[in-house]
Amino acid sequence: MTTIKPVVRKPRADGFYPVYIRIVHNRKPGYIKTDKIVDAEHISKSGDITDPVVNEYCSRLVLEYSDRLNRTDVSTWEVKEVIEHLTTVDEEVCFSTYAKFHIDRMEKRGQCRNAKNYKLAVQHLERYLGTNKVMFAHLTSSVLKRWIEQLSASTSRAKEMYPVCIRQIFKAAIIDMNDEEKGICRIKFNPWLKVQIPKSDKTVQRAISAEACREFFNRPLPQTKMLSSLPELGRDVAMLVLCLGGINTVDLFNMKKANYRNGVLGYKRAKTRHSRADEAYIEMRVEPFIQPIFDKYLADDDDEYLFTFHNRYCDSDSFCANVNNGIKKICKDMGMEKENYYCAYTFRHTWGTIAQNDCDANLFEVAFGMNHSHGLRVTRGYVKIDFTPAWRLNAKVIDFIFFSNEPCKQGKAKDIDEPEDKLFRLSAKMMVYGRAYFKGEVLAEVTDTGFNTVQDVITALAKKLPADIPNGCTVHFRILNCDSQKEIVYERTKGKGF
């Protein structure tokens, strides 16, 4: 049972008494302070308030509180929960304030990079609405849809990332501020049930060929008046990224001496360490080829960091921006178009592409070397992994780029949407190898010259087919031009095509 009564407690220094609403719930008292005061003359000997104006105000407040409690089952609550319910149930909740609290909580959990994205999303939403005090009531489905439409018109990645961040903050707020069991509903609705978040645009394939890598790394650096050459930094860090399995710049910046043992870097990838059971741990051997550049940036012995990058730049974002500026200066000196300039991530993409195309690695091995989870998150969480296959693949990539002049296969494979080459010509002087397949089995073969057309080859193969193949059955004719190494497959039906 809950009793509600206006009371006074101790006097202030000026002699006036603040007025409180006393809440007694399950024999435990609590107090809600009002903005009213009374003097000693308006307090009876029994402690009751005799001021008619204050009594009228307090009576309305008691009626309001009683009505709220009658609408909610508070029998199992503590008195502080009752007071919180009475004082905050109708208070308009500020989304911006809660978002700041949520982002601070993420940073304390070590999710600093994700927190930065959340902060950018909130700032963009506040700029769109023209206020840094966005209320939850402002975020209706129609407002959010218009905001997302503006994002979609001007961004490729943020149109998905920013709404997802705002939605996650909204979900956390509903969990923290609403309590359906107690009838507390400070956030009245969830607008995201009616909002469709668009997908971000397809990631641009930044990989370049081995030939382009050789040209980039083997050309003279452009002249600069800067004491610390940005082109030199850009080239060296690009080399580190390419020769350490496509390592990210943020991981280079944050690398500690404890991560380097016996010529091997063992670290947790910053981007995914908080979202994977194995904390995105990988070990990569430093190959002799990259050791001089690796040693060039080593920090002093008394420094906890492995490299000197943190002495020049305040954080990993500043470091990455300067690396990219240095790379772009080299690209400009090479006469490249601005839209084709490289960046640090170019060389991570290049590592994976050359590993697959030119070093005979399958996609599983590439993903392993680049520290992707590749669908085995649970397994990686409890298996002690041997990383030497990634070391061997990294050494192959370095050998192919820097110790050979072989042309890269990149670009030779047809794009999915590219039309097939329809030109398949034969002449009597060309050697032809033809096979006829029925139900996956080779039933006829021919290797000869003298064929002028594809139909001549099909006719020669059809003559060798067994007579018991029923009419209407499909036979596949696979024809290889041995001189040009072009191959084509034709489908024919018995009784119509042959």
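Predicted model: local features only at pLDDT ≥ 70, side-chain atom pairs only at ≥ 80, totals over all residues.
Which way does helix 8 cross helix 13, left-handed or right-handed? Residues are numbered from 1 along each chain as its sequence is written, and side-chain values use heavy atoms, leaving out hydrogens and water.

**View 1. The largest nonpolar core has 63 residues.** A nonpolar core is a set of buried (under 20% relative accessible area, 1.4 Å probe, protein chains only) Ala, Val, Leu, Ile, Met, Phe, Trp, Tyr and Cys residues joined through side-chain atoms within 4.5 Å. F216, F309 and F347 have the most contacts inside this core. Helix 8 (residues 230-243) gives the largest share, nine residues; helices are DSSP runs (H or I, at least four residues), numbered from the N terminus.

**View 2. Helix 8 passes helix 13 (residues 344-357) in a right-handed crossing.** Right-handed means that the near helix is turned clockwise from the far one by less than a right angle. The two pack at an angle of about 25°, with axes 8 Å apart. Axes are lines fitted to C-alpha atoms over the stretch in contact, and angles run from 0 to 180 degrees between N-to-C directions. So helix 8 is roughly parallel to helix 13 (angles under 35 degrees).

**View 3. Helix 4 (residues 112-129) meets helix 6 (residues 158-177) at an angle of about 95°.** Their axes lie 9 Å apart. That makes helix 4 roughly perpendicular to helix 6 (65 to 115 degrees).

Notes. Buried < 20%, exposed > 50% of the residue type's maximum accessible area, 1.4 Å probe, protein only. Parallel < 35°, antiparallel > 145°, perpendicular 65-115°, else oblique.
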